[in-house]
Amino acid sequence: MSEEKKVTETQKVKVVPPTKAKSVNPKEASVDPATQQVLAKAQEEGVETIFDRANVMKPCNIGEQGTCCKMCAQGPCRLPLPKKGIEGEDTRKGLCGATPETIAARNFARMVAAGAAAHSDHGRSVAEVFLAAARRETEDYTIKDREKLLEIAKDFDVPTHVVVDGEEVERDIYEIAQDVGEKALAEWGKQEGEIYYAKRAPEARYELWKKLDVIPRGIDREIVEILHRTHMGVDQDYRNLIKQCTRAALADGWAGSMIATDLQDVLFGTPYPVQGQINLGVLKEDHVNIIVHGHEPLLSEMIVVAAQDPEMLEYAKSKGAKGINLAGMCCTANEILVRHGMPIAGNYLMQELAIVTGAVDAMVVDVQCIMENIANVATCYHTKVITTNPRAMMDSGETIHIEFDEHHALEDAKKIVKLAVDNFPNRRSPILIPKEKEMMVAGFSYEAIRYHLGGTFRGSYVPLNDNIINGRIRGIAGVVGCNNARTTHDSAHLIVVKELLKNDVIVLTTGCNAMACGKAGLLTPESAKVYCGAGLEEVCETVGIPPVLHMGACVDNSRILMAATEVVKAGGLGKDISDLPAAGSAPEWMSEKAISIGHYFVASGVYTVFGVGLPVSGAPRFAEYIFKELEQIYGGMWDVEPDPYEHAKKLIAHIDKKRKALGLDKARERKLFDMADRRALDVA
Ligand code: MSK
């Protein structure tokens, strides 16, 4: 692509008129004081945000029930539940005869397809950059985590050693990387067989998937098949549609997302606990502030380097700034936090507000969870919105497109940083940077958890299992997912997590839940004393970990699958993920990716509760199928509970049910692993 085409500025400016009269009360919109403060500023300045729009525009009742069908041009056919409920036989039908079950299942399946596609296409980009690095086509990316590459090589059946003159020697690391990269990339286009990582699951889970014939053949194939099956007049059995959802969702969790996570770890380093700060207070009035927002860390990793470049820092000073402050938003933020300790400005619902502070000189976006309205909000301030991915451009407001290319990624990153620096003197609005910023510890990859529990040479999940068996830890919950403007920002996240902690349930987190927890101070070891039951508090204090373990971005939910697998392998808690006293939760979900994640959790054997609501209520038999019958098939099932206290109760009740099945409901001797115990472990 030529240089002129690569950097384009759109001409259109569509500033949204203010809707002050219908503005929401900031205190009802969010529990986060920084959000409340900047939302009030936006309203004073007549700048409309998602909080105001949610106040004005109510969701469609039929869509909410999942029973609006627009798969062909004879509709949309709308099949809401009658106000009085169903009396007798349910005779609702679309023009073609599609039942509410078929319609809701098709809509659900398309969400799985879109979510799996989003994560997996992210993974594909990572695999392409990885391969370019392995082939030495770019100097900007190198192999940073050799050990992890050697581990992954085994999973892809790539030999790490060769015999030379009768002696076994390790192959060149870049040769190994090339073979791994080629095999990884081929996972997308594979037409038959099985994805390699299916065998990473506990053996019992793998065998179950095999028996049910749901092991994904290739990532793209399973997603495309959903789109075919949900076309008008194809798959009209909700059970059969869900079976294909399982293949596509497993292709996301155990392939697309998992490959993204692994290859990013090899390129940028596997996360280990690192300190960081979070909330809008991380912005600095006297610095050039750049926010990286979205999901893919490929370019933001380079922006981290460019923002520290001495020449760039000098340039910033020449423009009157004291330095360059790089902060993140959404999951790009999580990616650079867990590897570099870079600060986070906020989670999903705060993206417009970051601009409203008046202190953001550039917001650099890649893919996913980027609200189109940031471009409109930016026209009210001086902020430059820079799109960087050919898949994700914007028509609203004023944006600049600087396309990322892995072959000259650092050069692209420097161009972006320079643009932000040049914009620093253009600040015009009153600046309001809230004082709120919390310290946090993040970067708990499943490898880091193993290390923390067992020590450098004897890393093991056995101490965790032992503390679950002895009852000090009641169970494990993966609490993840988005913010949703239909609920009070961060409120459900925090209630659910605090209820779990109080009941000795350790929490693994990613995405916007992790950021909500960070802002509320739950990601520090000290928080154990404040929020945990006595058993969990004691474990956290002994090991020196927070009670909520931040594992990374949305694609890193695959790390939760691996942590669950490690727990199974450590022994004493059953043979499969579905045996564990564990549960999954997304209290404020909103994206289609969350549905794909939820379904791969369920198909991996996890009881998974969503807040807000699920678009299945208009199809009672389909709802019954995913809420109850799936447990007979997969050992995991869906549930929905908008009330956060009830939500937490359901998670805990499930954990107790599993404890009982394992015979752990009886009192056990309580013992905490000390260093002598760790040394005695036969797991070196
Ligand atoms: S960013 S997918 S709003 S978690 Fe991953 Fe947050 Fe949900 Fe986006």
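Start at the ligand and select the shell of residues around it. In this predicted model, that shell takes at least three residues from domain 2 (280-436) and at least three from domain 3 (444-679). Color the two domains to see both contributions.

How many residues surround the ligand? There are 13. Now highlight helix H14 (330-340) and helix H21 (511-519). Each of these helices supplies at least two residues of the shell. Sort the shell by class, and you get eight nonpolar, four polar and one charged residues.

Next, select helix H20 (residues 491-502) and helix H27 (residues 644-661). Two packed helices are described by the angle between their axes and the distance between the axes. Here the axes come within 9 Å and cross at roughly 40°. H20 and H27 are therefore oblique to each other. Their crossing is right-handed.

Show the side chains where these helices touch. H20 brings Ala492, Ile495, Val496, Glu499 and Leu500. H27 brings Pro644, Tyr645, His647, Ala648, Leu651 and Ile652. By class, this contact has nine nonpolar, one polar and one charged residues.

Two loops are left on the tour. Go to Pro76, in the loop between strand S2 (68-69) and strand S3 (77-78). What kind of peptide bond joins Gly75 and Pro76? The bond is cis, with omega about -5°.

Last, select Asp165, in the loop between strand S4 (161-164) and strand S5 (167-170). Check its backbone: phi of Asp165 is near 50°, a positive value in a residue other than glycine.

Notes. Residues numbered from 1 in each chain as written. Predicted model: local features only at pLDDT ≥ 70, side-chain atom pairs only at ≥ 80, totals over all residues. Heavy atoms only, no water. Near = heavy atom within 4 Å. Helix = DSSP H or I, 4+ residues; strand = E, 2+ residues; numbered from the N terminus. Nonpolar A, V, L, I, M, F, W, Y, C, P; charged D, E, K, R; others polar. Domains from an automatic or database assignment. Axes fitted to C-alpha atoms, helices over the stretch in contact; angles between N-to-C directions. Parallel < 35°, antiparallel > 145°, perpendicular 65-115°, else oblique. Left-handed = near helix turned anticlockwise from the far one by under 90°. Contact = heavy atoms within 4.5 Å.
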